[in-house]
Amino acid sequence: MDADSDGGEQEMEREKKKRRERKAEKGGAKRNRRRSEERNGTADNERRGRLKDGRRRKREGETEEVTKERKNSKNERAKKAHQEEEEERNGKKLKREEDKKAKERKKKKEKTTEKEEEEKEEGEEEQGGDEEFVVGSLSPEELEKLKEAVDERKKLITTLRGKPWPMRKKLPTLRESQLFVEKYEGALGKGRGRKLYAYKVMMRKKWMKFQRDFENFKTACIPWEMKIKEIESHFGSSVASYFLFLRWMYGINMILFGLTFGLVMVPEALMGRPYGSIPRKTVPRLEQASAMDFAVLWDFGGYAKYSVLFYGYYNNQRAIGWLKFRMPLSYFLVGVGTVAYSYMVVIRTMARNAKEDGGGDDTSFNFSWKIFTSWDYLIGNAETADNKFASITTSFKEAIVEEQESRKDDNIHLTRFLRVLANFLVLCCLAGSGYLIYFVVRRSQKFALEGLDNYGWWERNEVNMVMSLLGMFCPMLFDVISTLENYHPRIALQWQLGRIFALFLGNLYTFIIALMDQINLKRAEEEKVKFNMTIWQANLYNGTLPENSTALPITVDPADVPRGPCWETMVGQEFVRLIISDTMTTYITLLIGDFLRAVLVRFLNHCWCWDLEYGFPSYSEFDVSGNVLGLIFNQGMIWMGAFYAPCLPALNLLRLHVSMYLQCWAVMCCNVPQERVFKASGSNNFYMAMLLVILFLSTLPAIYTIVSIPPSFDCGPFSGKSRMFDVIQETLETDFPAWFGKVFSYASNPGLVLPFLLLMVLAIYYLHSTSKTYKHANLELKKKLQTQSEENKKKNKLAAQKAAEDLEQAKNMAATEQQEKQSNNNASVKGDTKSEELFILLLSNTLA
């Protein structure tokens, strides 16, 4: 190309020189030059046209070749597609034929399976020896391979459920593997140990089946499990926590009932003196006319008062019956044992709940876990599926509430003012309820002094009814006041429980203070009765019998003997009446406040002036706080009054049994879920803490009466003693050796008891502090794990971003390389065209 360009320049210079020479010439030279130029121009034009025609022909030939190639490729592709379609058609036909043949084979197999199974069953016995012989004749290597095959089939049986296979493939493989394992598993022993090995395998299978059946039996024996699960699926864990707590209380009362019924009531009824034998077991003459009236029995008077239901019926005889059963000792130890057992169970349950809590909830990827792992694909029952669906929806509601509360931002000063105002209103309500109970109790004492026969039913039951009404309406007022505080639902529930707890506790202790006043009045009356009994005995014998007389003593009917007031029976009657009235008010509020309200909203909504369902009165929500506190204080009254009325655990057991069914029905039929369903993760332990407090506070009055107040002189198992706990000292002196009594007296010395109690307090404080440090350490470790997981997430994100950037860079590099190649190709094409043009010019010049 360079040589051609240089030659062209030299030729141009020569032409210029010739032109100059021609210009210098005159006349004829110009004509010759013009003619030559015209001739040269025509020749160049002809040559250029020829070259252009050649190029066009070349391009047309190239395009024709390309089109031919394309047509050939299209034809080849069409042929290939046609061949593939034909192959697919042939394959489909073959598949159809195979399916038909398989169906025919299945039908033939189904017909012949019964015959084959019968033949196999008959031939298995005959071929058993042959199989054993074949397995016994195998080499050690083949036996190991057979064992590996059996193990693989076992693993396949255990993991078959989780494999993504269709059921038509799972069932045959399961049957084949089971037959293979049953056939060769028992025959893998060596020599004489073969039968022992088969026996061990059989016993292992039976033991595993027994364990599985026993676990299913244990879950089936849990009372009310399905009812509570259904309630939890529709109303959330906060409502279900109440029913779990009720079931737990039912279990405790079962133990208390077993102790009191088996060791106190039944021995006295079977081996003690019968009714009418002594004055304390006989209705007085003046009360016998009305002893069977319903009103008297409803107040637990008459024959109910003089029965094994109350303290005063039990005799102070040291040993009763042919078993020589120590009745006073058993009565005292059962009273102390029930309280000790209750302490132990409550503290153990609190420890277990704290252990299961684990230092808070894990909320990382909460919604993702719920979306992708909540459903159970093994559910085969429609009702169970509905319950599971409702449970998942309520769990999502709980999680949404938790997330909203964690992101809530309110005005701090306004919320503080409203919370202070709410607490002030609650204190006013508590003070008013305490004053009202104190006023009613003092009024009831006035009625008792004047005689209850002169007053009606309300005056006789005024204290119990006022306490029940306060327990019913004050929680509603507290619930209205709590709307001012704007707490998290779980924290609001705890505040509500604390306030109702303070209300019930104040009411209960006000009632106990009033009872202490009545006990003092009874003791004063008892002194008068003692003096009157000495006068009665003197008048009975009239002082006429000498000291050494052998005449028969005068017999008096036990119903005519004067007796003391027996303040222990009076205390037991008050607690029984209080529990009965509380139970009746609870059931009446369920029927009126929930059932009739739901019926009104359901059937009058379509014909009322406004929407009853979304307006007033609407469907009621389940009051978790009120019902929980009702259970707790009912149990506190049981612990407090069971020493004076052994029938209280039986009454409470009946109450809890009926409450479970009635309240489950009321919740599912009459209530609606709460507007803000929340997760009750720590509520159960809060219930246990309040139960422990009420247990401690309810045992204080009982301990005070046992230790400080002397028992009645003519009723109860401790009559005739200065204190109730003297029965322990009497037993040690009479039934144990002298050295044991001295050791016990030294051990009960305050100089040893007080240091022991101090040591226990220090140990409890140390364990509590260590548990706090462990909990704090667990929380710190959990935070570190969360931060580490977040850092790992960030690293993964950065790595993913870098990978994406590298991909983009690679794509850009590839695009730039393609562009450079295209530009180089275009430049080469342009160079070729320029070289062709220069070559044409050279040819034209040479020809010229």
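Reading salt bridges and nonpolar groups

Arg 318, Arg 326, Lys 721, Glu 730 and Asp 735 are linked in a network of salt bridges. The model is predicted.

Q: Which residue forms a salt bridge with Glu 730, and how far apart are the closest N and O atoms?
A: Side chains of opposite charge can pair when their charged atoms come close. Here Glu 730 pairs with Lys 721, with 3.5 Å between the closest N and O atoms. Glu 730 is partly exposed, at 27% relative accessible area.

Q: How many salt bridges does a search of the whole structure find?
A: The search finds 10. One of them joins the side chains of Arg 247 and Glu 225, at 2.8 Å from N to O. This pair links distant parts of the chain, since Arg 247 lies in helix H7 and Glu 225 in helix H6, 22 residues apart.

Q: Is Arg 247 buried or exposed?
A: Buried means under 20% relative accessible area. Arg 247 has 18%, so it counts as buried, whereas Glu 225, at 23%, is partly exposed.

Q: Which residues touch the most other members of the largest nonpolar core?
A: In soluble globular proteins, nonpolar side chains tend to be buried together. In this model the largest nonpolar core has 99 residues, and Phe 243, Phe 245, Trp 248, Val 628, Leu 629, Phe 633 and Leu 691 touch the most other members. Helix H15 gives the most to this core, 14 residues.

Q: Which helix gives the largest share of the nonpolar patch?
A: The patch lies on the surface, with about 1100 Å² of accessible area together, and its members include Phe 294, Trp 298 and Trp 665. H16 gives the largest share, 8 residues. Trp 298 is in helix H8 and is partly exposed, at 38%.

Technical notes: Residues are numbered from 1 along each chain as its sequence is written. This is a predicted model: local features need pLDDT of at least 70, side-chain atom pairs count only at pLDDT 80 or more; totals for chains, interfaces and linings use all residues. Side-chain values use heavy atoms; hydrogens and water are left out. Patches are made of residues with over 30% relative accessible area and no salt bridge: like charges are joined within 9 Å, nonpolar side chains (Val, Leu, Ile, Met, Phe, Trp, Tyr) within 5 Å. Accessible areas come from the Shrake-Rupley method with a 1.4 Å probe; for residues, only the protein chains shown count as cover. A salt bridge is a side-chain nitrogen of Lys or Arg within 4 Å of a carboxyl oxygen of Asp or Glu. Helices (H or I, at least four residues) and strands (E, at least two) are DSSP runs, numbered from the N terminus. Buried means under 20% relative accessible area, exposed over 50%, partly exposed in between (1.4 Å probe, protein chains only). A nonpolar core is a set of buried Ala, Val, Leu, Ile, Met, Phe, Trp, Tyr and Cys residues joined through side-chain atoms within 4.5 Å.
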